[in-house]
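This report is intended to be read alongside the coordinates. Please keep the sequence and the model at hand.

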Amino acid sequence: MNLLFTLLPEQATEYAKQVDSLYMFIYVVSVLFVALFVGLIISFTLKYRRKSEDERPEPPHEHYTLELVGGAFLLVLLMVMFFWGAKLYFVAQRPPADAMEVLVTGKQWMWKLQHPSGKKEINTLHIPVGRAVKLSMTSEDVIHSFFIPAFRVKNDVLPGRYTQLWFKPEKEGTFHLFCTEYCGTEHSRMIGFVKVMSEDAYERWTNNLGDENETPVQAGERLFSELGCMVCHRADSGALGPNIAGVFGHQVELVDGTSVLADEDYIRESILNPHAKIVAGYAPIMPTFQGVINEEQLGHIIAYIKSLANH
Amino acid sequence: MSDSKPSYLAHHFDHLEQQKQSATLGIWLFLITEVMFFGGLFLGYIVYRGLYPEAWHTGSEKLNVILGAINTVVLIFSSLTMALAVHGAQTGSRKKTANFLLATIILGSIFLGIKAIEYHAKFFPTTDYNLIPGANFSYPAAYADQMQLFFSFYFTMTGMHAIHMVIGIGILIWLYVKALQGTYHENYYNPVEVTGLYWHFVDIVWIFLFPLLYLIGRH
Amino acid sequence: MSSATDINAGTTAKNYLNEKITVSSWLLTLDHKRIAVLYLVSLLAFFLIGGLAALVFRIELMTPEADILRSETYNKFFTTHGIVMIFFFLIPSIPAVLGNFLVPVMIGARDFAFPKINLASWYVFMFGGVLALVATIAGGVETGWTFYTPYSTMYANSAVILAVCGAFIAGFSSIMTGLNFIVTIHKMRAPGLTWFRLPLFIWAMYATAIVILLGTPVVAITLVMIFVERAFGFGIFDPSLGGDPVLFQHLFWFYSHPAVYIMILPAMGVVSELISCFSRRRLYGYKVIVFSSLAIAVIGFFVWGHHMFVSSQSTFAGMTFSFLTFFVAVPTALKMLNWIMTLHKGSVSLSSPMLYAFGFLGLFVIGGLTGLFLSTLATDIHLHDTYFVVAHFHYVMVGGGVMGFLGGLHFWWPKITGKTYPEGWAIFAAIVIFIGFNLTFFPQFQLGVHGMPRRYHVYPEEFQVLHIASSTGAMVLGFGYLVMAVYLIGSLITGKPAGKNPWNARGLEWETDSPPPTHNFHETPVVRHPVYAYEYASETSDEPDVTSEKNHV
């Protein structure tokens with residue numbers, strides 16, 4: 001029932017409060033406009049209603065002062081909304097550097113999640129209160145969208161590339177998690193919960209691993225060696241492939257003289273479609289790993305390469 | 001008023017000039033929609049060409065540039081004959097109109113024939129790879145998927161162009177029959193003129209397709 | 001259609017309805033007025049189908065669990081509702097029915113420039129519509145009307161190809177109609193009818209036609225790409241083959257956002273006519289309304305990316321599209337201002353068409369203002385793909401588009417059929433529809449703000465109360481439409497002859513008979529005054545309006 005009487009849903013992050021302030025601004029502007037327009041319509045209708053069929057009102061005079069002033073005033077209001085919204089959008093687009101990274105894989109019709117400790121879960125996301133969390137998301141099939149109303153955040157989850165989302169929960173509790181991009185038959189059952197717990201409780205939970213005892217970085221390191229990647233991607237001068245240490249987050253020079261930022265999407269492409277961008281000084285000899293490794297394993301290898309970023 | 005109207009002036013127009021201007025404006029608007037239609041394809045082509053230059057390069061090398069070039073010449077000539085047919089109609093020369101329409105039909109058919117030869121070579125390859133996008137596509141390169149994308153665009157773009165050619169030839173055949181009956185003369189040649197504009201447009205589309213698909217990827 | 005014969009059983013004057021009454025005279029007619037009637041009957045059938053689909057899933061949504069439909073079936077119902085309502089009702093509604101009937105009459109022409117293309121457009125439309133319906137019956141479609149890839153091309157197990165072909169073909173009929181409008185308005189205006197003497201309905205049709213001509217071909221080629229991808233396995237939008245699913249969204253919204261203006265601009269045109277007539281004066285700021293229509297048509301092409309703020313487009317693109325979107329609000333708001341200022345010092349009559357116009361104003365202002373929440377980046381991220389969006393676009397497209405259509409239908413009904421309808425019932429229906437609409441869609445804003453995602457078959461329990469309110473409203477709304485259907489059909493049989501100008505309106509369409517003769521006018525009218533010349537007896541006469549004289553002296 002509380003839905004009927006509350007204007008806005010629960011706020012569980014500082015960002016949510018900021019979004020809500022903007023929301024309330026637009027809301028007040030809208031209510032005032034509706035009141036003004038409807039009020040004018042009603043009062044004009046009452047005052048100038050047709051009393052006799054003989055009425056012949058004067059035609060209006062053509063002058064545009066009212067339009068110019070009204071339009072300019074409106075434009076100013078609109079620009080306030082734009083800049084305010086864009087400012088917050090910037091915040092939402094830039095996760096803090098120290099954010100804890102959780103890997104998210106969407107598939108029809110479930111969310112697969114994996115924590116830095118290696119802990120895996122499905123449809124329920126456990127996170128500690130007060131710590132920035134960044135989700136690195138991809139999909140195994142169609143487009144999904146990851147939405148936590150209480151955090152006011154949402155982003156589509158696409159096959160074949162990585163998108164991200166970040167938030168810093170301020171209070172403990174259980175919040176809805178929805179898929180908001182229509183993804184097929186059981187779209188409405190692709191839902192779950194976000195459980196925000198105390199730092200201690202989270203640590204206990206995330207380190208209670210059972211038989212899954214590898215972190216994503218460790219799994220990536222193991223795959224790197226199992227798949228024979230390190231045969232070529234070595235640190236010494238005779239290596240056939242570029243050294244992966246320290247690559248992530250930096251510009252890479254390519255054969256054709258251009259350069260590209262080594263981000264998640266670039267590394268993903270280099271693994272699945274190695275000849276698309278050839279690093280300067282190396283021959284295009286790497287085989288594709290398309291069909292050899294799955295989305296989760298890709299995420300692990302990327303996590304491993306990321307972990308070497310500062311070497 | 002309607003008694004004095006010639007049979008080729010439709011009842012809802014006041015005079016021939018109005019009818020002619022309407023037809024001309026109409027075909028130009030239609031051509032704008034055609035530009036937007038092909039524009040969507042060109043946009044897709046450009047996006048993926050930017051993403052996968054290698055595949056686009058290799059893909060265009062697999063096309064038969066000689067047949068493509070011959071077809072370009074054929075189509076340019078067909079535009080010339082089309083223009084002459086319109087001129088024939090404007091000057092009231094029934095024979096000239098009909099003959100040049102026939103020439104345009106023949107040149108258009110030659111274009112489609114050559115296109116069919118190209119398609120045939122792709123559908124029944126003598127090589128050990130198959131360039132028809134879909135389940136059977138195969139090419140021995142790491143960027144086979146991207147090559148497939150190139151050929152998806154090749155077939156969609158040339159296919160859409162070919163459909164426009166087929167429709168154009170259909171209209172030309174109808175005009176040819178009418179021209180033989182003497183329907184068109186110096187006072188009434190709208191259908192020939194607007195079909196001419198359509199034909200030139202289809203020609204121009206090819207003038208863009210040929211370099212984009214066959215030439216630009218080559219070194 | 002068959003009722004057309006009854007309409008004129010009693011009248012003797014020859015008009016477009018009774019000139020010939022054979023079936024073939026209707027199916028092969030080149031008369032734009034008859035084609036408009038063909039469109040009207042077909043569109044109302046599609047409206048019924050789309051509406052019933054909505055009613056079924058609104059009933060399903062009264063409880064949080066799955067009751068009467070399986071998820072797959074639910075998805076097919078909302079997809080059918082979307083495809084039918086958008087492609088086969090809203091987009092053609094005002095242009096193909098009222099526009100087809102009125103454009104030549106309002107500009108004093110005998111017909112459109114290309115009557116055969118006009119008839120062809122109806123056949124093409126029906127062919128597309130039948131294909132879409134066959135798709136619904138033969139396996140259904142469950143992609144949503146947006147056909148997002150790669151779901152639609154690689155994962156959906158339904159008759160997507162048929163539905164895509166239906167939408168593709170219907171697009172051609174739009175193009176044919178739009179092309180006819182522009183050429184006719186350019187080349188066939190009556191003597192004296194200069195550009196700035198054109199009624200605002202004509203300007204709205206002109207702006208709409210521009211959007212149709214520039215936008216529809218792009219969605220056509222996009223649907224072709226979907227077709228080849230699904231039918232032949234081309235990988236244009238499939239990421240597993242190197243394609244980009246977001247490119248589809250760009251191409252799709254490049255048309256489908258302007259398509260919103262295809263639905264709303266005509267309604268704005270209708271409302272301009274209604275407010276002028278029922279305030280009995282020229283519109284305030286006529287030229288501002290003209291240019292704002294054109295501005296909306298143009299700016300509308302540069303804002304499509306606001307559908308994709310969370311689709312992984314770049315931050316820069318998001319900012320640009322948000323910025324541009326705000327500029328659509330300005331011309332729209334100016335129109336509202338001008339309409340309201342027309343009432344000021346007017347002679348306002350609350351006839352039934354005017355009630356629809358007021359309904360339009362009230363609902364469209366909410367639809368427009370809620371659009372601000374969605375064009376602002378940070379709030380859109382929260383509201384995107386929730387019921388807030390559903391409510392917003394229904395306020396715009398139904399509250400705006402359908403209310404405009406119904407207002408216009410009532411206003412010109414006497415002209416189209418030659419009969420008057422019972423005013424009391426019409427006022428009753430207008431009020432029921434207005435209340436039912438608000439009851440259906442206002443709770444959906446609240447649902448959306450609280451996070452209820454759209455296209456959900458089952459949902460968490462806390463949303464139920466609002467869903468029940470919405471479903472109840474849908475039934476009230478349906479009842480309102482039903483009442484309207486009954487008295488309008490009844491008026492064909494029992495309605496009194498309407499006379500040339502029952503509303504005492506200005507405009508060339510009111511200077512010919514009701515219903516008009518086959519070639520619209522007995523002789524070509526010559527326009528002598530600026531538009532909405534309420535100070536003169538008519539647009540073609542120099543005599544002052546009789547009572548006008550009395551009032552001024």
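## Basis and conventions

The model is predicted; local features need pLDDT of at least 70 and side-chain atom pairs count only at pLDDT 80 or more, while totals for chains, interfaces and linings use all residues. Residues are numbered from 1 along each chain as its sequence is written, and chains are lettered from A and ligands numbered from 1 in the order in which they are written.

## Chain B

Chain B contains 6 helices and 0 strands (DSSP runs numbered from the N terminus, helices being H or I of at least four residues and strands E of at least two). Its C-alpha atoms occupy a box of roughly 75 × 30 × 30 Å along the principal axes. Of its 219 residues, 42% are buried (20 or more other C-beta atoms within 10 Å of the residue's own, with C-beta atoms placed from the backbone; 12 or fewer is exposed, and in between is partly exposed).

The mean pLDDT of chain B is 90, and 98% of the residues score at least 70 (pLDDT is the predictor's confidence in each residue, from 0 to 100). Within chain B, confidence is lowest in helix α2 (residues 53-61), with a mean of 87, and highest in helix α3 (residues 65-90), at 95.

## Contact between chains B and C

Chain B contributes 29 residues and chain C 32 residues to their contact (two residues are in contact if their C-beta atoms, placed from the backbone, lie within 7 Å). On the side of chain B that touches chain C, α1(B) gives the most, with 17 residues. That side divides into 12 nonpolar, 15 polar and 2 charged residues (Ala, Val, Leu, Ile, Met, Phe, Trp, Tyr, Cys and Pro count as nonpolar, Asp, Glu, Lys and Arg as charged, and the others, Gly among them, as polar).

## A helix pair in chain C

Helices α12 (residues 352-375) and α15 (residues 423-449) of chain C pack at about 10°, with axes 9 Å apart. The two helices α12(C) and α15(C) are therefore roughly parallel (angles under 35 degrees). Residues making the contact include C:Leu355 and C:Tyr356 of α12(C) and C:Phe434 and C:Phe437 of α15(C).

## Nonpolar cores

The largest nonpolar core has 318 residues, and C:Ile202 and C:Tyr206 have the most contacts inside it (a core is a set of buried Ala, Val, Leu, Ile, Met, Phe, Trp, Tyr and Cys residues joined through C-beta atoms within 7 Å). Helix α8 (residues 200-232) of chain C supplies the largest share of this core, 22 residues.

Methods:
Axes fitted to C-alpha atoms, helices over the stretch in contact; angles between N-to-C directions. Parallel < 35°, antiparallel > 145°, perpendicular 65-115°, else oblique.
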